[in-house]
Amino acid sequence: MGVKSVFLPQGYPESVSNDYLQYQFWDTVQAFSSSLSGTLATQASLKGVGVGNQEATVAAATVTWLLRDGTGMLGRILFAWQKGSKLDSEAKKWRLFADVLNDIAMFMEILAPYFPAFFTLIVCTAGIFKSIVGVAGGATRAALTVHQARRDNMADISAKDGSQETLVNLAGLLVSLILIPLVTDNPVLTLSLFFLFTILHLFANYKAVRSVVMETFNEARLSIVLQQYLRDKRVLNPLEANQREPVFLEFGKAVPIKLGVRLQEVVQSPDELSLASKGNNRPYLVGIRNGCVCVCLGPEASVHDEIRAMCQAVWLSSTLSPKTPKESTCTSPQQQNHWELVHESQKLMDTIFNPFLKGVEAAGWDTKRTLLDWDEWRVEWKTKTS
């Protein structure tokens with residue numbers, strides 16, 4: 001009873017999600033290996049700024065340290081501004097990204113002392129990377145805590161996670177005390193151990209994010225479930241869809257989807273507005289512009305409307321994506337055909353959306369909230385009734 005109440009949330013296992021134990025196990029393995037890699041990197045950094053070197057001045061070491069912290073702080077603010085909203089909807093991808101970046105930063109710190117001319121530059125770049133890791137890691141951890149909490153017990157889960165991490169870091173510290181005498185002045189062993197811990201760290205991280213089963217829709221999960229439904233009318237449950245969800249960041253999608261945009265990104269003339277709202281009594285407008293599928297949302301749209309708009313956008317995006325490299329992406333003369341495609345997607349949604357939504361709810365998805373990445377624009381439009 002004792003250990004359980006110290007390290008696990010009260011009411012475990014009923015008070016947490018089903019994937020809690022598996023996630024925490026792999027998270028603990030990755031924290032342990034990361035703590036050992038971190039020790040090796042810290043030792044290299046201290047050596048680089050001149051610990052144990054008679055010629056090194058205190059002032060120079062302090063300046064290096066301050067520059068590293070300063071660039072890190074700027075990096076943190078810029079990253080949170082640029083990518084903050086993505087960390088909720090793509091928590092798994094950014095969680096994995098943060099850990100890969102952390103390993104790159106530590107590798108740079110280990111190499112830095114061997115390049116004394118560029119030492120400050122390397123350490124500052126590693127500092128920026130580590131600050132991004134801090135933002136992405138902390139924010140995605142919070143998003144996962146929200147997912148794990150089943151009794152509004154986010155604070156308890158977060159506190160116990162802190163206890164688990166502290167215990168692991170303590171174990172890492174004890175192992176580090178044995179390692180440090182072995183690796184001092186032995187660069188080959190340092191690098192060998194570092195790569196060993198890094199491989200373990202990345203493997204454990206991959207297993208950790210793979211073990212998370214989110215019951216809410218983000219773009220990737222909704223797209224996977226909808227595509228399967230359109231193929232054979234089968235609704236994937238959260239476990240199946242999460243296993244298929246990509247966990248590595250993809251750069252440059254063929255036909256990106258923009259949600260919650262301004263009206264002029266969807267329609268640019270009264271004629272286009274009447275085309276966009278033709279046969280559409282929903283509180284959103286969908287359009288195709290510059291190779292993007294754009295969705296305008298009305299102020300009274302419900303969560304189900306958001307899911308429906310997203311389904312329509314996903315269908316359009318996959319229809320427009322070039323199936324073979326030979327097909328080029330859409331150009332302007334096709335703008336007319338684009339509206340025909342939009343009308344086709346509306347008709348499809350009229351047919352399939354209600355049965356799809358019922359099937360999704362029956363399969364165990366939570367449709368009361370979503371993790372779709374909507375921007376803040378809300379648009380009211382009126383069309384002349386003929």
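Author: Gly-162 has a relative accessible area of 29%, so this residue counts as partly exposed, where buried means under 20% relative accessible area, exposed over 50%, and partly exposed in between, with a 1.4 Å probe and protein chains only. The model is a predicted one, in which local features need pLDDT of at least 70, side-chain atom pairs count only at pLDDT 80 or more, and totals for chains, interfaces and linings use all residues. Residues are numbered from 1 along each chain as its sequence is written, and side-chain values use heavy atoms, with hydrogens and water left out.

Reader: In which helix is the place of Gly-162, and by what distance are the C-alpha atoms of Gly-162 and Phe-7 separated?

Author: Helices here are DSSP runs of H or I with at least four residues, strands are runs of E with at least two, and both are numbered from the N terminus. By that convention Gly-162 lies in helix 7, residues 154-183. Along the chain Gly-162 and Phe-7 are 155 residues apart, while their C-alpha atoms are separated by 9.0 Å.

Reader: Is His-343 buried or exposed, and which residues does it touch beyond those up to four places away in sequence?

Author: His-343 belongs to helix 13, residues 335-362. Its relative accessibility is 10%, and therefore His-343 counts as buried. Taking contact as heavy atoms within 4.5 Å, and not counting residues up to four places away in sequence, His-343 touches Leu-275 and Lys-278.

Reader: At what angle do helix 9 and helix 12 pack, and why is helix 9 described as roughly perpendicular to helix 12?

Author: Axes are lines fitted to C-alpha atoms, for helices over the stretch in contact, and angles run from 0 to 180 degrees between N-to-C directions. Helix 9 (residues 219-232) and helix 12 (residues 303-320) have axes 10 Å apart and pack at an angle of about 70°. That angle makes helix 9 roughly perpendicular to helix 12, since angles under 35 degrees count as roughly parallel, over 145 as roughly antiparallel, 65 to 115 as roughly perpendicular and the rest as oblique. The residues that meet include Leu-222 and Leu-226 in helix 9, with Met-310 and Trp-315 among those in helix 12.

Reader: For the protein as a whole, how many helices and strands are there, and what percentage of its residues count as buried?

Author: The protein contains 13 helices and 3 strands, and its C-alpha trace spans about 85 × 55 × 35 Å along the principal axes. Of its 386 residues, the share that count as buried is 46%.
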